[in-house]
Number of protein chains: 2
Amino acid sequence: MATRKHKQPVCDDKPVPLPADEAAERLARLAWGVAHPARVRIVRLLLQRDSCVCGEIVDNLPLAQSTVSQHLKILKEVGLIQGEVDGPKVCYCINPAKLQELKTLIARF
Amino acid sequence: MATRKHKQPVCDDKPVPLPADEAAERLARLAWGVAHPARVRIVRLLLQRDSCVCGEIVDNLPLAQSTVSQHLKILKEVGLIQGEVDGPKVCYCINPAKLQELKTLIARF
DNA sequence: ATCGTTAATCGTAGATAAACGATATTGGAG
DNA sequence: CTCCAATATCGTTTATCTACGATTAACGAT
């Protein structure tokens, strides 16, 4: 996608379509974070209980522990959640700022 | 994902975790529709011009016509846009109801 | 009837995602 | 120090996405 080698008069009438592109990528990335039922449920769960040990999340999803761990990783990478090590456990919680950003960007659609 | 053969007491204390799951899938599917920069831009474009011939969309994206056509197909499948044949051209427009649904579901997060 | 334009579909290649089991890693208990 | 429980990571398999060019289908106009 990022190569941009086709179409577009390159630099004629329009100012340039790139500024909108960066915004599009941020929104796409955030949307992507919740573009899977398991991840939607994880976010919901974290919002309800406000914080949640990984094991609880696993128990609430019909997925293997390793799979859940991967989804958590994705959500972390996107920035929607953050995990804090608490002894042998890891406590996850929502990153309100990022969630708000997602809400705002979608709302402004 | 859909096989559900791990974890969860299957059918004990909880009424059943499926109602929430269905909602999660609807949201995930809608989010998925805009989980790609090109599709975000298409939606934006359609909102600006309120209707748009396919060719214009192609001209506004750094992608081949066939690729754009695929993204349009995805957006159509998700229900966010609809296309109407107009002679040899196809005029796309937003499906306001679906977009609203997406907004609402995200806002209620 | 044929041609040119527009858009969808086909076929393919490469990248990424999703899921799992198995294996490491970490930290607290004994 | 050793063991156990909780997570993360690895390796693999299968499926889906993304992108492209080429082809097909649909329509208007000549």
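**Figure 1. Strands β2 and β3 of chain A in the predicted model.** In this predicted model, β2(A) and strand β3 (residues 89-94) of chain A run antiparallel and are joined by 6 bridges. Another pairs A:Asp86 with A:Lys89 of β3(A). The hairpin of β2(A) and β3(A) has 2 residues between the strands, and A:Gly87 in this hairpin takes a positive phi near 65°. In a regular strand the side chains alternate between the two faces of the sheet.

**Figure 2. The open sheet of chain A and the helix across it.** The sheet of chain A has 3 strands in the order β1-β3-β2, is open, and has antiparallel pairing. Its edge strands are β1 (52-53) and β2 (81-86) of chain A, each of which pairs on one side only. Helix α2(A) lies across β1, β2 and β3 of chain A. The direction of α2(A) is at about 90° to β3(A).

**Figure 3. The chain A fold as a whole.** Chain A contains 5 helices and 3 strands. Along the sequence, these elements of chain A follow the pattern α-α-β-α-α-β-β-α. Of the 109 residues in chain A, 31% count as buried. Contacts in chain A between residues at least 6 apart in sequence include 51% that join residues at least 24 apart.

**Figure 4. Helices α2 and α4 of chain A where they cross.** Two packed helices are described by the angle between their axes and the distance between the axes. Here the axes of α2(A) and helix α4 (residues 65-78) of chain A come within 10 Å and cross at roughly 70°. The helices α2(A) and α4(A) are therefore roughly perpendicular to each other. On the α2(A) side, the contact is made by A:Ala38, A:Arg39 and A:Ile42. On the α4(A) side, A:His71, A:Leu72, A:Ile74 and A:Leu75 take part. The residues of this contact between α2(A) and α4(A) divide into 5 nonpolar, 1 polar and 1 charged.

**Figure 5. The open sheet of chain B.** Chain B has an open sheet of 3 strands in the order β1-β3-β2, and the pairing is antiparallel. The strands β1 (52-53) and β2 (81-86) of chain B are the edge strands, each pairing on one side only. Between β1(B) and strand β3 (residues 89-94) of chain B, which run antiparallel, there are 2 bridges. Of the residues in these bridges, B:Val53 has B:Cys91 of β3(B) as its partner. The partner of B:Cys52 in β3(B) is B:Tyr92.

**Figure 6. The hairpin of β2 and β3 in chain B.** Strands β2(B) and β3(B) run antiparallel and are joined by 6 bridges. In this pairing B:Gly83 stands opposite B:Tyr92 in β3(B). There are 2 residues between the strands of the hairpin, and B:Gly87 takes a positive phi near 65°.

Figure 7. Helix α2 (residues 37-49) of chain B lies across β1, β2 and β3 of chain B, and runs at about 90° to β3(B). Helix α4 (residues 65-78) of chain B also packs on the sheet, where it touches β2 and β3 of chain B. The direction of α4(B) makes about 115° with that of β2(B).

**Figure 8. The contact between chain A and chain B.** The size of an interface is often given as the accessible area lost when the parts come together. This view instead names the residues and elements of the contact. Chain A contributes 35 residues and chain B contributes 36 residues. On the side of chain A that touches chain B, α1 (18-33), α2 (37-49), α3 (54-59) and α5 (96-107) of chain A each supply at least two residues. The largest share of that side, 8 residues, comes from α1(A). By class, the side of chain A that touches chain B has 25 nonpolar, 3 polar and 7 charged residues.

**Figure 9. The largest nonpolar core and the surroundings of A:Val34.** The largest nonpolar core has 52 residues. The residues with the most contacts inside this core are A:Ala31, A:Val34, B:Ala31 and B:Val34. Leaving out residues up to four places away in sequence, A:Val34 touches A:Arg39, A:Val40 and A:Val43 in chain A. In chain B, A:Val34 touches B:Leu27, B:Ala28 and B:Ala31.

Methods
Residues numbered from 1 in each chain as written. Chains lettered and ligands numbered in written order. Predicted model: local features only at pLDDT ≥ 70, side-chain atom pairs only at ≥ 80, totals over all residues. Contact = placed C-beta atoms within 7 Å. Helix = DSSP H or I, 4+ residues; strand = E, 2+ residues; numbered from the N terminus. Nonpolar A, V, L, I, M, F, W, Y, C, P; charged D, E, K, R; others polar. Pairing = 2+ DSSP bridges. Axes fitted to C-alpha atoms, helices over the stretch in contact; angles between N-to-C directions. Parallel < 35°, antiparallel > 145°, perpendicular 65-115°, else oblique. Core = buried A, V, L, I, M, F, W, Y, C linked by C-beta atoms within 7 Å. Buried ≥ 20, exposed ≤ 12 C-beta atoms within 10 Å, placed from the backbone.
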